[in-house]
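My notes follow the display.

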Amino acid sequence: MLILVTGGAASGKSAHAEQLLCTYAPGARLYLATMQPFGAAAQSRIARHRALRQGKGFETVERPFGLAELHLPRRYDGILLEDLGNLLANEQFAPDGAGDAAFGSILAGVAHLQDCCETLVIVSNEIFSDGMDYPPETASYIRTLGQLHTALAAQADAVYESVCGILLPLKGGGRT
């Protein structure tokens, strides 16, 4: 099963994604963290997310890019990928990332993760509504994230959007 959870900053999407994974994956759970801890703000967000999942039975693996080459120690009932926006930024802009091949690299990584679990929940950001003009690199990032959302939503069994703490089903699944 593939579930995509999107939402704006501080919308509750991560907590909803964790709840969905805990519902659909009663056994072994993996939290796949993609954020690189650059600066105090990132370290604070990482600490907050660790606290949120404490006591929920998650193993944690930190992997900022290259998911298709990730070797996991076993098969999991569920994997939570947190999050697609960070993963794309890392793949697109980090020296060791996939660069222009980020889109394909991420889709290959998602396919690999699906082979490693029964339920994959992917968290992503909704960043498409501000209507601002951006430099070409940022515009490319936004366009690629939109393309990833489209591709993953087409494959997904369920898609949700978290808005102000309310989880809205967009495809499949019911209200949780």
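I started with Tyr31, which counts as buried at 2% relative accessibility (buried is under 20% relative accessible area, exposed over 50%, partly exposed in between, with a 1.4 Å probe and protein chains only). The model is predicted: local features need pLDDT of at least 70, side-chain atom pairs count only at pLDDT 80 or more, and totals for chains, interfaces and linings use all residues. Residues are numbered from 1 along each chain as its sequence is written, and side-chain values use heavy atoms, without hydrogens and water.

I looked for aromatic pairs and found two (ring centres of Phe, Tyr and Trp, its six-membered ring, within 6.5 Å; planes under 30 degrees apart are stacked, over 60 edge-to-face, the rest tilted). Tyr31 and Phe58 pair edge-to-face, at 6.1 Å centre to centre and 85° between the planes. Tyr31 sits in strand E2 (residues 29-33) and Phe58 in strand E3 (residues 58-62), 27 residues apart (strands are DSSP runs of E, at least two residues; helices are runs of H or I, at least four; both are numbered from the N terminus). Phe58 is buried too, at 15%.

Next I checked Phe93 and Tyr141. Their ring centres are 6.4 Å apart and their planes at 35°, so the pair is tilted. Phe93 is partly exposed at 45%, whereas Tyr141 is buried at 14%.

Then I turned to helix H2 (residues 39-53). Which residues of H2 are buried? I noted Ala42, Ile46, His49 and Arg53. On the other side of H2, Ala40, Ala41 and Arg48 are exposed. Last, I saw that Gly55 follows H2 with a positive phi, near 80°.
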